[in-house]
Amino acid sequence: MAADHETSIFCLQVHFYYITIAPTHLSIPMELKIKFYGTRGSIPVCEPQFQQFGGNTTCIGFYHHDRIGIFDAGTGVRAAGKDILENDIYQKNITIVFTHFHWDHIQGLPFFPPAYASDRVISLLALGESRITRNLEKAITQQMGEEYFPIALNKMGARFNFLMVNRKNIPNFYQTQTSSIKLNHPGGCFGYRIEVEGRLIVICTDVEHTDTIDPKVVEIAKDADLLIHDAQYTDEELASHKGWGHSSFNQAIEVAEMAGVKQLAMTHHDPHHDDEFLKAIEKKCQDRFKDCLLARDGMEISF
Ligand SMILES: [Zn+2]
Ligand SMILES: [Zn+2]
């Protein structure tokens, strides 16, 4: 009953998007587009040798017909917020969907510029049949307690909604068919499958496959036009990081091959992997799977 109520709230908000967007203000063309705002895993990095791939932690922008939805609020969400303001996207209600609540997926929220605008509504959404947090509001606000940050979430300016949708299917997320699965990751993490206008985008930011590839991940990624997959480690590094919750480059490619995906974007780069290292790895990966790349902060993939 509660889940139905929560879902209906969400659907109402989706409906709200249509009536609050002013098309004459828009500069982003009508298209389906993914923009990577944060591709670093674990912790941000900013030294000169990391500038090409970027050092912001996980944040993915999903643009569909002049609207933006956001997956995760790592430090990259600051740039996503700047894009919204600078491109003059008048979208009253902005939804941020969380894969999970490790720091590298929430730590940018205190610096999300639209959150300081009193005319915005920020909907923070966690979903899945098996919850990874019992208290979404607490998971988000405790990092903004006065011991840690000067402005409390409820003093930022925007109105926040906390949406815990206890289902795996969210049919009305930005006019898409979106479903989720729980991934193997310490504390849990959700992967998302977004079907829209005949295109399929799958997001699995943090996943560990153990000794064999997780068939659930292959299933959710089946025939994807774009698979965004964790690739934090080399095979050698993975061997000494069992239980840390992440994948190797080769495992990400293996999933892409098994699932028959058209394009693979690898993300959640290890903070020890600098630009030269990642460029060399990317070339090796492309020798094995032609249509793959390592995501970079600011990179866009349009459909
Ligand atoms: Zn992570
Ligand atoms: Zn994590």
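**Around Phe289**

Let's begin with Phe289: setting aside neighbours within four places in sequence, its contacts are Ile253, Ala256, Glu257 and Leu264. By contact I'm saying that two C-beta atoms, placed from the backbone, lie within 7 Å. Quick housekeeping: this is a predicted model, so local features need pLDDT of at least 70 and side-chain atom pairs count only at pLDDT 80 or more, while totals for chains, interfaces and linings use all residues. Residues are numbered from 1 along each chain as its sequence is written, and chains are lettered from A and ligands numbered from 1 in the order in which they are written.

Back to Phe289, which sits in the loop between helix 7 (275–288) and strand 13 (292–294). Helices here are DSSP runs of H or I with at least four residues, strands are E runs of at least two, and both are numbered from the N terminus. Ile253 is 36 residues away along the chain, yet the two C-alpha atoms are separated by 6.8 Å.

The cut-offs are 20 or more other C-beta atoms within 10 Å for buried, 12 or fewer for exposed, and partly exposed in between.

Zooming out, the protein has seven helices and 14 strands, and 47% of its 303 residues are buried.

Now, the core. Which residues touch the most other members of the largest nonpolar core? Val202 and Leu227, out of 73 residues. Helix 6 (residues 249–259) gives the largest share of this core, six residues. A nonpolar core, by the way, is a set of buried Ala, Val, Leu, Ile, Met, Phe, Trp, Tyr and Cys residues joined through C-beta atoms within 7 Å. Beyond four places in sequence, Val202 touches residues including Ile220, Ala224 and Leu227.

Next, strand 11 (residues 226–230), where five of the five residues are buried. Strand 10 (residues 199–204) runs parallel to strand 11, joined by four bridges; pairing takes at least two DSSP bridges. Ile201 stands opposite Leu226 in strand 11. Strand 11 also pairs with strand 12 (residues 264–267), again in the parallel sense over four bridges, and His229 is opposite Met266 there.

Last stop is helix 2 (residues 77–86), whose buried residues include Val77, Arg78 and Ile84. Among the elements covering them are strand 1 (32–38) and strand 2 (59–64).
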